[in-house]
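Thanks for asking me to look this one over. Here are my notes, point by point, to read with the model open.

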Amino acid sequence: MPVKRAEKTPMPMREPQVRAHDFQEVNQGYTAFHAAFEAERCLRCQEPICVDGCPVQIPIPEFIHAVAIGDMAAAAKILRTANPLPAICGRVCPQESQCEAECHMVKRFSPVAIGHLERYVADWERTQPLAVEAKITRQEKIAIIGAGPAGLVCAGELARLGYPVTIYEALHAAGGVLRYGIPEFRLPKAILDWEIGILEAMGVEIVCNVIIGRTLTLDQLFDEMGYAAVFIGTGAGLPQFLGIPGENLNGVMSANEFLTRINLMRAYEFPDADTPMRVGKRVAVIGAGNTAMDAVRTSLRMGAEEAMIVYRRSEKEMGARLEEYHHAIEEGVKFHWLTNPLEVIDDGSGWVSGLKCQKMKLGARDASGRARPIPIEGSEFVLPLDNVVLAIGTTPNPLLTRTTSGLLTNNKGCLVADEQTGLTSKALVFAGGDAVTGAATVILAAGAGKRGAQAIHEALTARNN
Ligand SMILES: Cc1cc2nc3c(=O)[nH]c(=O)nc-3n(C[C@H](O)[C@H](O)[C@H](O)COP(=O)(O)OP(=O)(O)OC[C@H]3O[C@@H](n4cnc5c(N)ncnc54)[C@H](O)[C@@H]3O)c2cc1C
Ligand code: SF4
């Protein structure tokens, strides 16, 4: 008797797991029980290589030990002394490829969850009365250009060293990418405001709506305003485009514009806020880094019924944090790996109707160290779409360097600066963060800000002696 084949069950389609307009923070973090349990796992190694993996050199075993013995005030103090943005870094740092990757426990077990503990301590600190005050002991005024993590951390360190510091920020609010790029559901603005509030309580002045290179020149900061040194932390906010046909159609935009309109200009509150944002039913985000994951998850919250990532390499080569990738999967995002966009299709009225793509295969490694994608002939297909968001990278904005003599940049438009001190080609002008490295991470920018502050302090101290 012929065996009846079981009826084929269709693969369940994942429905988006987020509600439109729900920008609430996704992770709820650790409870006191989790924190104490996790802190007990730390071996307090004699050679804590986790610290070497941290760009701001947090004394990790010390703060974890303080959590283990229940001395939260000590834990918070240790953290904040090393890193002026702990509540932010505890949420957005890629610990899995930094301190946690180095943790000795990795050899046999899972690493100590350093990031979760950092976040837990910083969130505890938010429930306590503020214990900081301004202590200005130095005469020399320092100007900082840009209020992203590099500029904020540099300012915090200089304020701690007793300098009067002013940050000039082009936008109407401080925070850089932390404010206009990373969405509310990953980094609530209240957390950012709180961390910035601590820096202001330490005496840091923040002046918004000032573009250095337009409103004022860098040279005016020295010559007319009497600053003794300048730190540049202007980031890499200029989006890159693919250069494919149809890229200028309505409904195509850079992830920077998409996220800025939503984060900073409150497009998610339209029509109550003025900024309109038309997000259709089907949205594709090109790229697979952190920015792409933020854009694709945001598009679901803006009401897209289908949101997808289109990436020319494979899952293995994507730049996004694993945690963000997993959140995107859980929320119902689809992934078109090994898929290269060729053309954005016009619906006949100047709006997007689809994206012509080609399948790729991976070849030998290229200059970036990743496998080179190679087109597969005859594999072209069209994805029907309403929006295309480009998240394929950013470069530094050339405005400041074009209006300042003697500031050298490399062939990628990044400022040339000493790796250790951040000193640029111009005397007493230091730089750090994405403006120097190109698009990187919050903690690398923070580390550069910290080193820059120390170098400014040493340069001014040496000049006075
Ligand atoms: C969407 C998105 C998500 C990300 N997610 C993560 C993540 O999860 N984890 C992580 O570690 N990193 C992440 N990153 C990267 C990280 O945010 C950046 O590496 C970091 O913010 C760089 O800090 P920065 O201070 O160098 O520059 P920015 O954060 O870019 O800040 C620069 C500031 O300078 C201001 N500015 C620029 N030019 C001028 C001027 N001429 N005058 C005055 N002000 C000026 C800008 O307005 C801005 O406020 C993400 C990036 C994006 C875009
Ligand atoms: S390497 Fe791991 S176990 Fe050792 S001190 Fe650091 S966090 Fe603790």
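1. Buried here means 20 or more other C-beta atoms, placed from the backbone, within 10 Å of the residue's own. This is a predicted model: local features need pLDDT of at least 70, side-chain atom pairs count only at pLDDT 80 or more, and totals for chains, interfaces and linings use all residues. Residues are numbered from 1 along each chain as its sequence is written, with chains lettered from A and ligands numbered from 1 in written order.

2. Which residues of S8 point which way? Glu306, Met308 and Val310 point one way, Ala307 and Ile309 the other, and all are buried. In a regular strand, side chains alternate between the two faces of the sheet.

3. S8 pairs with strand S7 (residues 282-286) in the parallel sense over five bridges, where pairing takes at least two DSSP bridges. Met308 is the bridge partner of Ala284. Together, S7, H13 and S8 make a right-handed β-α-β unit (right-handed: with the strands pointing away from the viewer, the path from the first strand over the helix to the second runs clockwise).

4. S8 also pairs with strand S9 (residues 334-336), parallel, over three bridges. Val310 stands opposite His336 in S9. The chain crosses from S8 to S9 through helix H14 (residues 322-330), and this β-α-β crossover is right-handed.

Key. A residue is buried if 20 or more other C-beta atoms lie within 10 Å of its own, exposed if 12 or fewer, and partly exposed in between; C-beta atoms are placed from the backbone. Helices (H or I, at least four residues) and strands (E, at least two) are DSSP runs, numbered from the N terminus.
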